[in-house]
Amino acid sequence: MKAILCETHGKPDSLVFKNIDNPKPSANEVLIDIKACSANFPDVLIIQNLYQFKPELPFSPGAEAAGIVKSVGKNVNHFKKGDKVLSLCGWGGFAEEAVVDQSRVFPLPKGMDYVTASSLMYNYGTSYHALKDRAKLLKGETLLVLGAAGGVGLAAVELGKILGATVIAAASSVEKLAVCKEKGATHLINYTEEDLKTRIKELTNGKGADVVYDPVGDKWAEAAVRSTAWNGRYLVVGFAGGEIPKIPMNLPLLKGCAIMGVFWGRFTSEEPALSVQNIQELGKFYMQGKIKPHIYKLYPLEKGADALNDLMNRKVTGKAVVITCTEEEASSAEKITAKVPKPEVPETSTNEVLAFQNQEAVLAWVGNPLGKSPWLEVSQKMIDEFAEATLDKQWIHIDKEAAKSTVFGDTIAHGYLTLSLIPKLMSEIYSAPFSKMGINYGTEKVRFLHPVLSNSKIRLNATLKHASKTASGGLKMIAEASIEIQGVEKPACYAEVISVLN
């Protein structure tokens, strides 16, 4: 297969285009036939060995790709050959094929083309995490976006508008600012011709910006910190301007402001449930037509180094995307056929509990359904008590007034609350009278697909996937389970549930 390779660390001109062996997926990996891969600023850093992650040479850059599943490893259950997917691969995307761990592969939403899919998550994921989770941007606040015409900058402009902020976009040319205006910026600053600090003061009537989103750094950073409002939040997103700034620490003291780091890559691994929730919300924004990546240019694979050069030289407005197929194929999307909702039919059947009389009965049942539990209401009281017990009091879970302004219109249950209810729901679909003690060891391979709103009703739908005897004479069981939400087509989550009966 053909690939752009980094064989020695250096700038984009040092990359080579050549034939290499086709990769093969390991047990937990997915092999993807890449159709499109966007260029991101970390790609420029990683090939120079200047990024937090340092893959072994040689490697292909390209952290965000979309394509079709070609094959899967033996432990991969959620994807199959022919599935259309997007991937947050980290590197490897500037190639005709790439292997990616299944945890970093996601189904391609219907109606989304490969170019858009490869341009969505890094920029919007970073910006949404920054504005929603770190800055906690509120409706009516002022948001200043530096480097506003770049990929993450334009995403921040769009999302700031959605969250109800007044957006000030700062960029380096009239052409770039015109795109920012189209994306929802209220005020524009050309910081190559205007004094940034003076202009911000004028636009905010002397108050300053409540939140500063800065992916540029360099000489603009200190002026931006000096331009924050009292109790302002300055978000450190990146250093595309070149130099990492050195901020005088008396400034946050005098301004009463906070300097906050934004590292979306680590956030996705440290807080996976919240990350998945964010991705779901961004998917809704896209389907509602509220966000759409601005595509600067499509580059054939052999010109992948040019995409990174243009990005490094700040020529790119929005996203530069490398494609391995025709522009028509990369930009075409599956048409969505509107579904007529089915009328809800009340369920009148009673829940039957399976009763296993011995271990052999369990072993013989492998591959068969365990059944569905009765509906359980996830009340706000339940959500509040979970937040209190776990010390995780995010506003989206407990503040109903604030949650009204979100796309959900109400608070939502924490993903781990949903998972914690599985043992209770499991006990309502089967029993094992022969066992003196049952231990729930938790879950693995969890995938969150849809949030559970306060006062929703959920139930467990499970199938016995595996059962085997343990060395102590007990029985280990693995059930493939989904948490269904009443009235919602998509389940809240899928999980493999591990239990031991002794």
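Analyst: Gladly! Let us start with contact, which means heavy atoms within 4.5 Å. This is a predicted model, in which local features need pLDDT of at least 70 and side-chain atom pairs count only at pLDDT 80 or more, while totals for chains, interfaces and linings use all residues. Residues are numbered from 1 along each chain as its sequence is written, and side-chain values use heavy atoms, with hydrogens and water left out.

User: Which residues is Tyr 296 in contact with, leaving aside its neighbours within four places in sequence?

Analyst: By that cut-off, Tyr 296 touches Asp 310, Lys 315, Val 316, Thr 317 and Lys 319. Val 316 is 20 residues away along the chain, with the two C-alpha atoms separated by 6.1 Å. Tyr 296 itself sits in strand β14 (residues 295–300).

User: What makes Leu 86 buried?

Analyst: Its relative accessibility is 4%, which is under the 20% limit, so Leu 86 counts as buried. Leu 86 belongs to strand β5 (residues 84–87). Beyond its neighbours within four places in sequence, its contacts include Ala 65, Arg 104, Phe 106, Leu 108 and Met 121.

User: How do you know that helix α11 is mostly covered?

Analyst: Seven of the nine residues in α11 (residues 304–312) are buried. They are Gly 304, Ala 305, Ala 307, Leu 308, Asn 309, Asp 310 and Leu 311. These buried residues pack against β1 (2–5), β3 (29–39), α1 (41–46), β14 and β15 (319–323). Helix α3 is mostly covered as well, with 13 of its 14 residues buried.

User: What makes the largest cavity a cavity, and how much space lies in it?

Analyst: On a 1 Å grid over the protein atoms alone, a cavity is a set of points where a 1.4 Å probe fits but cannot get out; lining residues have an atom within 4 Å of a point. Grid points are joined across faces, edges and corners, and a volume is the space filled by probe spheres set on the points. The search finds three cavities of 30 Å³ or more, and the largest holds about 160 Å³. Its lining has 17 residues, with Gln 277, Ala 413, His 414, Gly 415 and Phe 448 nearest the centre. Helix α10 gives the most to that lining, five residues.

User: How do the residues of that lining divide by class?

Analyst: Ala, Val, Leu, Ile, Met, Phe, Trp, Tyr, Cys and Pro count as nonpolar, Asp, Glu, Lys and Arg as charged, and the others, Gly among them, as polar. The lining of the largest cavity has nine nonpolar, eight polar and no charged residues. In the second largest cavity, of about 40 Å³, the lining has four nonpolar, four polar and three charged residues. Helix α4 (151–162) gives the most to this second lining, with four residues.

User: Why is the phi of Leu 391 worth a note?

Analyst: Most residues other than glycine have a negative phi, and most peptide bonds are trans. Leu 391 is not a glycine, yet its phi is positive, about 60°. At 70% relative accessibility Leu 391 counts as exposed, and its place is the loop between α14 (380–390) and α15 (395–398). Asn 455 also has a positive phi, near 70°. As for the peptide bonds, a cis one joins Leu 57 and Pro 58, with omega about -10°.

User: How do you know whether the radius of gyration agrees with a compact globule?

Analyst: The radius is taken over C-alpha atoms, and the globule rule is 2.2 Å times the number of residues to the power 0.38. For 502 residues that rule gives a value near 23 Å; the protein has 25 Å, which agrees.

How values were computed:
1 Å grid on protein atoms, 1.4 Å probe; cavity = no way out; pocket = protein on both sides within 12 Å on 5 of 7 lines; lining within 4 Å. Helix = DSSP H or I, 4+ residues; strand = E, 2+ residues; numbered from the N terminus. Buried < 20%, exposed > 50% of the residue type's maximum accessible area, 1.4 Å probe, protein only.
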